[in-house]
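These are my notebook entries on a single structure. I record below what I looked up, one topic at a time.

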Amino acid sequence: MIKKQKDDIREEYKRLRSEMCPEEKFRRDSAICKAAEGLVSFRYAEFVLLYAATADEIDVFDIARVALEKGKKVLFPRCDKKTHTMKYHIVNSLDELQPDAYGICEPPEENPIYDAENETGGAVCFVPGLVYDRAGYRLGYGKGFYDRYLSGFSGCTIGVVYSDYILPEVPRGRFDMSVDILLTEKGVRVTKDSKKTHPGKG
């Protein structure tokens, strides 16, 4: 029942995103990246975990560029399609990202891996989603990569979403993880389930 509900919402919002005109998408994405610069959790983070957006996802490369300019460690994930797990690797330049077999840009396998369990430096993770709800729960593409990863991540988690893609509630299972903050083109919203107020351990 939950799977059917999730799939119906996914199809609706995938359609809406595909119908958004490029100019509107660029304006919204730019506003989201600008808002990220003002986050306290971003300003004090040593590690900034991002994602390489597909064509219809919110483009956060501008956040990566700012983070690199500020001397932060910028990381992108490499995904294991068989186990639905991922590891974040440090990049020194966005030019290091290369498309995998599915066209999703990933960092080189030999680049240093971020150790979420033992790293003591502050970290923020920007998490993509098709939609979020007010409590910070998300619907992605249903593969579970982020829920698995975030279960062992103790930094600040930031859901990246358009303001009109925040629903009162999304169907959720027992393994679904919520984020601490929702970042939209209209600003920032702390979620109801947020318990962490700064990056890093604790």
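**Entry 1: cysteines.** I looked up the sulfur of cysteine 79 and found the closest cysteine sulfur, that of cysteine 125, 11 Å away, which is too far for a bond. The model is a predicted one, in which local features need pLDDT of at least 70, side-chain atom pairs count only at pLDDT 80 or more, and totals for chains, interfaces and linings use all residues. Residues are numbered from 1 along each chain as its sequence is written, and side-chain values use heavy atoms, with hydrogens and water left out.

I took a disulfide to be a pair of cysteine sulfur atoms within 2.5 Å; by this rule the count is 0 disulfides. Cysteine 105 is likewise in no disulfide, and the cysteine sulfur nearest to its own, that of cysteine 79, is 12 Å away. For accessibility I used relative accessible area with a 1.4 Å probe and protein chains only: buried is under 20%, exposed is over 50%, and partly exposed is in between. Cysteine 79 is partly exposed at 28%, and cysteine 105 is partly exposed at 27%.

**Entry 2: the sheet of 7 strands.** Helices (H or I, at least four residues) and strands (E, at least two) are DSSP runs numbered from the N terminus, and two strands pair if DSSP finds at least two bridges between them. In what order do the strands of the 7-strand sheet stand? I read β3-β2-β1-β6-β9-β11-β12, an open sheet with mixed pairing. β3 (85-91) and β12 (187-190) are the edge strands, each with a single partner, so one side of each has no neighbour in the sheet. Neighbouring strands of this sheet are turned against each other by 25 degrees on average, direction ignored. The axes behind such angles are lines fitted to C-alpha atoms, for helices over the stretch in contact, and angles run from 0 to 180 degrees between N-to-C directions.

I then looked up the pairing of β11 with β12, which is antiparallel over 4 bridges. Leucine 183 stands opposite valine 188 in β12. Contact below means heavy atoms within 4.5 Å. α2 packs on the sheet, touching β6, β9 and β11, and its direction makes about 135 degrees with that of β11. α4 also packs on the sheet, touching β1 (47-49), β2 (73-80), β3 and β6, and its direction makes about 135 degrees with that of β2.

**Entry 3: helix α2.** The helix covers residues 22-37, 16 residues in number, and reaches 23 Å from its first C-alpha to its last, close to the expected 22 Å. The expected span is 1.5 Å times one less than the number of residues. Which residues of α2 are buried? I listed Lys25, Arg28, Asp29, Ile32, Cys33 and Ala36. Seen down the axis, these buried residues fall within an arc of 135 degrees, so they line one face of α2; the arc is that of the directions from the helix axis to the C-beta atoms. Glu23, Phe26 and Lys34 are exposed on the face turned away from the buried side of α2. The buried residues pack against α3 (40-43), α4 (61-69), β6 (123-128), β9 (156-160) and β11 (181-184).

Entry 4: For α1, 18 residues should span 26 Å, and the end C-alpha atoms are 26 Å apart, which agrees. Its buried residues are Lys6, Ile9, Arg10, Tyr13 and Arg17. They cover an arc of only 110 degrees around the axis, which puts them on the same side of α1. On the other side of α1, I noted Lys4, Ser18 and Glu19 as exposed. The cover over the buried residues of α1 includes β7, β8 and β10.

Those strands form an open sheet of 3 in the order β8-β7-β10, with mixed pairing. β8 (138-139) and β10 (166-167) stand at its edges with a single partner strand each, so one side of each lacks a neighbour in the sheet. β7 (residues 131-133) runs antiparallel to β8, joined by 2 bridges, and valine 131 has leucine 139 in β8 as its bridge partner.

I examined tyrosine 13 separately; it lies in α1 (residues 2-19) and is buried at 10% relative accessibility. Leaving out residues up to four places away in sequence, tyrosine 13 touches Val131, Asp164, Tyr165 and Leu167.

**Entry 5: histidine 84.** Its place is in the loop between β2 and β3. The phi of histidine 84 is near 55 degrees, a positive value in a residue other than glycine. Most residues other than glycine have a negative phi. Histidine 84 is partly exposed, with a relative accessible area of 25%.
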